[in-house]
Amino acid sequence: MVLLLFMAAAGCSKTGSSTGTQTITPGSGNGTDIQTTVTPGESGGQPAYMKDQSSYSVLSSGNASGTVGLKQVADGLTAPIALVSSHDDTGRLFAVDQTGVVRIIDKNGVTLPTPFLDLRDRMVTLSQTYDERGLLGIAFHPDYKNNGRIFVFYSAPLRDGGPDGWNCTNRLSEFKVSSTDPNQVDMSSERILLTIDKPSMNHNGGPILFGPDDGYLYLTTGDGGGANDVGLGHTTGTGNAQDLKSLLGKVLRIDVNQRDEGLMYAIPKDNPFVNKGWALPEIYAYGLRNPAYATFDSGDGHTLFIGDAGQQLFESVYQIKKGGNYGWNLKEGTHSFNPSQPGTPNSTVPTVGSRGESLTDPIIELGHDLGLVVVGGYVYRGTAIPGLTGKYLFGDWSESFTIGNGTLLLGTPPAINGTGTQNGMWSVGLVNISTSQNGRVNGFVRGFGEDDQHELYLLTSQASGPSGTTGKIYQITAPTAVKTPTTP
């Protein structure tokens, strides 16, 4: 089985201290073209995308990649990062807000006033200006209709006895739905399954989801934060993402229906590093920086896609395979990476890891001329917009930390050759929004969602941090004429 992942919260600070407040440095590229493959220039290793480029003329003239409409279905949220179904035949959708609450949008499109889940009293205190901690993911058990089991991943204060100077402890917990109210979680039912200490605020990963074929729970983790996968809390010499004795910078896979001795879960017998003393058995894939969004394709193959936030130059989307090494911090996307010179790729690109294993390239790569952080989405399998079928709808968070101007993007897979395999990178184009006067999102792109009919949703806000009530959710629809300006 192949997998595709995506990122949460605003995504990733490009630089930062190892504790407390982070210093955010937006990308400095001022070009505006989109390139799926970026080649370093001949002069001083400067990437081609850093050169001046023309404006987004495609937005004013129509977009060959696609045009969609947006229909608002919810507002008044703070920092919505995910929208998921409980798959229990109720038609409800559950909006995950980074601030620690989950709200229900019922089958009639009404947002219920009382939160389904409220973790605010168990979480770290979030920075209103910018933060990557918080409620990071939710997953409903495949048999939720009968067992009422819910799983969440969130940022708690550093546990008692946690490493000195570290920032927080991320928890994977199980809850049960109330026995008397299907729209409320029993908050006294929490069972903490796994805790992961983190040295810094940023790079938490966070999405959790059940594999559609195996029923196991998948969890993504960032490399621990800061920058370059070095410093306090990072394995000297290799970084956390390449260290198979660390749970950071990984995709984890566990069985929540069983328990192994000493664990609150069981290890799937076919995990790639089972019974290998040099690696942790929970690890499914590794070499990721901040895989903060993750989605399985609901169509053929149930591929899992990850949008991995880049360090300084490149943003990536990966298809994840069992045991795969995705290169960080040996590589940033398809390019070499040197932690001591993060802005200058070397001419020689590594192809193997420390054990001689192959490093897997992304299927999509973007430069910071487009924006700051890739926001992973979904392969479209709905019926409302036939032209998008089989394509990957995703986005970029924003070009700026002050004014949200995120972008919708569409990835198209390459042609299939005679042996049935795909060759090369996916092509990428801008998506025009017909319900917006300028064709743009005009807000921070925070995430995407999918309903039971496989129609997709866009989650936005007007604030870069988890503050205010400007968070909105839009259903992505077939193109319609502009009636009033849309400001997601």
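Strands β13 and β14 run antiparallel and are joined by three bridges, where strands (E, at least two residues) and helices (H or I, at least four) are DSSP runs numbered from the N terminus, and two strands are said to pair if DSSP finds at least two bridges between them. The model is a predicted one, in which local features need pLDDT of at least 70 and side-chain atom pairs count only at pLDDT 80 or more, while totals for chains, interfaces and linings use all residues. Residues are numbered from 1 along each chain as its sequence is written, and side-chain values use heavy atoms, with hydrogens and water left out.

**The chain as a whole**

- The protein chain contains 28 strands and two helices.
- Of its 488 residues, 59% count as buried, a term that stands for under 20% relative accessible area, with exposed meaning over 50% and partly exposed the range in between (1.4 Å probe, protein chains only).
- Among the contacts in the protein chain with a separation of 6 or more, 62% are made by residues 24 or more positions apart, where contact means heavy atoms within 4.5 Å.
- The protein chain exposes about 18,000 Å², and carbon and sulfur atoms supply 49% of that area, as computed by the Shrake-Rupley method with a 1.4 Å probe, with only the protein chains shown counting as cover for residues.

**The sheet β11-β12-β13-β14**

- β13 and β14 belong to an open sheet of four strands, ordered β11-β12-β13-β14, in which the pairing is antiparallel.
- Because β11 (208-210) and β14 (283-286) each have a single partner strand, they stand at the edges of this sheet, and one side of each is left without a neighbour in it.
- From one strand to the next the twist averages 20 degrees, with axes taken as lines fitted to C-alpha atoms (for helices over the stretch in contact) and angles running from 0 to 180 degrees between N-to-C directions.

**Ala241, in the loop between β12 and β13**

- Ala241 is found in the loop that links β12 (217-220) and β13 (250-254), and this residue counts as buried because its relative accessible area is 0%.
- Leaving aside neighbours within four places in sequence, Ala241 is in contact with Asp229, Leu248, Gly249, Lys250, Tyr286, Gly287, Leu288 and Trp328.
- The C-alpha atom of Ala241 is separated by 9.6 Å from that of Leu330, a residue 89 positions away along the chain.

**The sheet β21-β22-β23-β24**

- A further open sheet of four strands has the order β21-β22-β23-β24, again with antiparallel pairing.
- Its edge strands are β21 and β24 (427-430), each of which pairs on one side only.
- Neighbouring strands of this sheet are turned by 25 degrees against each other on average, with direction ignored.
- β21 (residues 374-379) is joined to β22 by four bridges, and Val374 has Asp396 of β22 as its bridge partner.
- β22 is joined to β23 (residues 407-412) by five bridges, and Tyr392 stands opposite Gly411 of β23.
- β23 and β24 pair over four bridges, with Leu409 standing opposite Leu430 of β24.
- Strand β22 (residues 392-396) is mostly covered, five of its five residues being buried.
- In a regular strand the side chains alternate between the two faces of the sheet.
- In β22 both faces are covered, with Tyr392, Phe394 and Asp396 buried on one side and Leu393 and Gly395 buried on the other.

**The largest nonpolar core**

- The largest nonpolar core has 29 residues, of which Val68, Trp397, Leu408, Phe448, Leu458 and Ile476 touch the most other members; such a core is a set of buried Ala, Val, Leu, Ile, Met, Phe, Trp, Tyr and Cys residues joined through side-chain atoms within 4.5 Å.
- The elements giving two or more residues to this core are β2 (67-77), β15 (291-296), β21, β23, β26 (444-450), β27 (456-461) and β28 (471-477), and β26 gives the most, with three residues.

**Ser189, in strand β10**

- Ser189 lies in strand β10 (residues 185-198) and counts as buried because its relative accessibility is 16%.
- The side chain of Ser189 reaches the backbone nitrogen of Lys176 at 2.8 Å, and a polar atom of this side chain lies 2.6 Å from the backbone oxygen of Asp186.
- Not counting residues up to four places away in sequence, Ser189 touches Glu174, Phe175 and Lys176.

Definitions and conventions. Polar contact = N/O pair within 3.5 Å; in protein donor to acceptor, adjacent residues only side chain to side chain.
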